[in-house]
Amino acid sequence: MTNIIFCADDDSIMYIRTTARKNKDGSRVEYLQLAHNYWDPVKKRPRPKVIANLGRKDRLDLDRIRDMIRALSKLLPANEAAEITAMIEASGLPFKVNWAKSAGGIYFLRKLWNSFGLKEFFEKKLKERRFEIPVEVAIFAMVAGRALAPDSKLSTYQWIKEEVYFTEGQGLELHHFYRAMDFLVEVGEGLEKEIFKRVANLFNLRVDLIFFDTTSVYFETEVEDSLRKRGYSRDRRPDLPQVVVGLAVTREGIPVKAWVFPGDTPDVKAAFRVQEELRSFSVGRIIWVCDRGMVSEETRVVFQRAGGGYILGERLRSGSEMVEEVLATGGRYREVRDNLWVKEVRVKRGTKERRYVLVYNPERAARDKAIREEILKALEQEIERIKGLSGLRRQRAECRLRRSPVLRRFLAADSLKIEREKVKREERLDGKYLLSTTEEDLSAEEVALSYRNLQEVERAFRELKHRFDIRPMYHRLEERIRGHVMLCWLALLMGRLVELKVGESFSRIRRKLGRICVVELEYTREDQKEKVYRWTEIEPRGKGIFKKLGVPLPQAYEFKFSARSK
């Protein structure tokens with residue numbers, strides 16, 4: 001809505017002043033006046049000055065007031081004058097509410113999208129290819145849908161058309177979405193570099209420390225192809241074909257880039273490709289932080305290419321000589337934080353020396369002990385129960401026990417009893433995890449804290465799978481699968497940037513923005529129908545989100561069109 005501000009000759013803002021008079025019969029009468037304040041140099045304080053008397057409040061001449069506002073609105077630009085006139089003429093007329101649509105989330109993300117230069121980037125690339133269809137709008141619509149209401153492309157198309165107020169998307173058709181996905185893959189590498197450069201500069205990101213991990217995403221099909229293959233499934237669905245998704249994240253939790261590998265890709269091969277591609281991102285020296293699943297001698301070599309380094313989680317139960325030597329090495333732990341104790345150990349093999357940091361968490365140690373005691377208690381009860389059986393029933397019960405991934409850990413291999421040596425080995429690992437690193441400039445505390453931040457990648461994968469619903473995937477073509485992952489990566493990026501600036505989780509921010517709606521109001525005046533689009537009021541906490549990211553608040557009213565009624 002356009003606000004008209006009246007100013008007096010001394011530039012003070014006019015306002016409506018209410019005065020009251022009490023009659024002899026005890027009734028109270030109120031009068032309205034148009035006034036402004038002026039400075040009284042004698043009394044040295046502002047005093048009101050009446051410019052016009054508008055009359056009694058209960059007998060107000062609304063036509064006179066409308067005429068005055070209409071006359072003043074002619075001094076404004078034509079489009080603003082039209083809005084004012086529509087609002088004036090609609091006052092007092094009965095409104096019909098046609099619909100209410102959610103608008104806050106998609107409006108907010110659109111402004112943010114534009115401020116990051118994404119609209120400009122896509123339009124430049126589209127101009128080079130001379131596209132005529134609204135590809136950029138379709139890409140944004142799919143990213144916004146993934147961030148606000150993740151579903152299939154068909155459902156996103158219907159969501160844009162029917163459930164949200166997004167005027168730019170009214171001309172979109174479903175085939176535009178699929179063509180836009182193909183285009184997104186075509187410009188993917190340039191887009192990732194451009195976004196990384198803009199975001200790193202805008203947010204002052206520290207990009208020397210890169211957290212990397214992989215996960216798997218399965219398909220509800222039996223068919224395998226060059227990309228969808230069966231392999232090690234993090235989702236525990238080895239029976240279905242899958243793809244492997246890799247994600248590199250900064251220490252602030254901002255996703256740098258996402259990769260899609262065939263479902264049977266080993267981690268070392270994925271790490272090699274990631275290292276090669278990130279060289280072109282101009283991030284300087286990279287320290288890779290990865291969990292135990294990425295550890296091998298091959299990955300160590302890959303991570304040190306081009307002067308890089310690593311902080312890797314080691315498998316404490318691997319049985320390797322180096323790990324056993326670290327565990328057997330004496331020395332005291334040093335407390336560096338609450339529930340964080342560290343001990344540095346160096347192990348030499350020939351001319352090479354490897355630096356290890358053994359981390360101990362007392363709180364986690366107590367939890368590990370309690371869990372183990374519960375397991376041992378359940379195991380003892382099951383052993384006693386099986387001993388009371390005989391024949392085939394005993395054989396079947398013992399087979400089930402030995403197949404149990406939890407109870408069999410402490411069961412002797414050759415007899416039906418608890419192996420105390422296994423229990424002792426587990427006791428010395430309570431609350432501990434082991435890290436290896438190439439970084440001499442980082443203290444043991446910094447190494448431990450850096451690895452702890454690896455949970456940012458794990459959190460990112462959880463969000464991709466559950467908040468942004470990267471699965472189920474309904475696509476079959478390789479380029480569409482890659483395009484779908486890129487859309488999810490863009491949605492995750494937008495969500496993380498909002499969280500970084502606002503200081504709240506994107507889920508809470510999404511709920512607040514979702515309460516901001518646009519209502520279509522319709523009224524009939526003479527033989528014409530007027531439609532006005534009214535934004536609902538934004539609560540103070542919602543306004544704070546807009547302010548922190550520098551996003552302008554939407555106008556309260558939008559006057560769209562008038563049409564002859566039939």
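A residue counts as buried under 20% relative accessible area, as exposed over 50%, and as partly exposed in between. In this predicted model, W99 has a relative accessibility of 23% and therefore counts as partly exposed. Y165, at 12% relative accessibility, counts as buried.

## Aromatic pairs

A pair of aromatic rings is described by the distance of the centres and the angle of the planes. The count for this model comes to 19 aromatic pairs. One of them joins W99 and Y165: the ring centres are 6.1 Å apart and the planes stand at 40°, so the pair is tilted. W99 belongs to strand β4 (residues 96-102), while Y165 sits in the loop between α6 (153-162) and α7 (174-186); the two are 66 residues apart, and the pair links distant parts of the chain. Both residues also belong to a cluster linked by ring pairs, whose members are W99, Y107, F108, Y165, Y533, W535 and F546.

W288 and F303 form a stacked pair, with 5.4 Å from centre to centre and 25° between the planes. This pair ties together strand β8 (residues 287-290), which holds W288, and helix α10 (residues 297-303), which holds F303, across 15 residues of sequence. W288 is buried at 0% relative accessible area, and F303 is buried at 0% as well.

## Helices α4 and α5

The axes of helix α4 (residues 118-129) and helix α5 (residues 135-148) come within 9 Å and cross at roughly 140°, which makes α4 oblique to α5. Their crossing is right-handed.

On the α4 side the contact is made by K119, F122 and L126, and on the α5 side by V135, E136 and I139. By class, this contact has 4 nonpolar, no polar and 2 charged residues.

How values were computed
Residues are numbered from 1 along each chain as its sequence is written. This is a predicted model: local features need pLDDT of at least 70, side-chain atom pairs count only at pLDDT 80 or more; totals for chains, interfaces and linings use all residues. Side-chain values use heavy atoms; hydrogens and water are left out. Axes are lines fitted to C-alpha atoms, for helices over the stretch in contact, and angles run from 0 to 180 degrees between N-to-C directions. Helices (H or I, at least four residues) and strands (E, at least two) are DSSP runs, numbered from the N terminus. Angles under 35 degrees count as roughly parallel, over 145 as roughly antiparallel, 65 to 115 as roughly perpendicular and the rest as oblique. A crossing is left-handed if the near helix is turned anticlockwise from the far one by less than a right angle, and right-handed if clockwise. Contact means heavy atoms within 4.5 Å. Ala, Val, Leu, Ile, Met, Phe, Trp, Tyr, Cys and Pro count as nonpolar, Asp, Glu, Lys and Arg as charged, and the others, Gly among them, as polar. Rings of Phe, Tyr and Trp (its six-membered ring) pair if their centres lie within 6.5 Å; planes under 30 degrees apart count as stacked, over 60 as edge-to-face and the rest as tilted. Buried means under 20% relative accessible area, exposed over 50%, partly exposed in between (1.4 Å probe, protein chains only).
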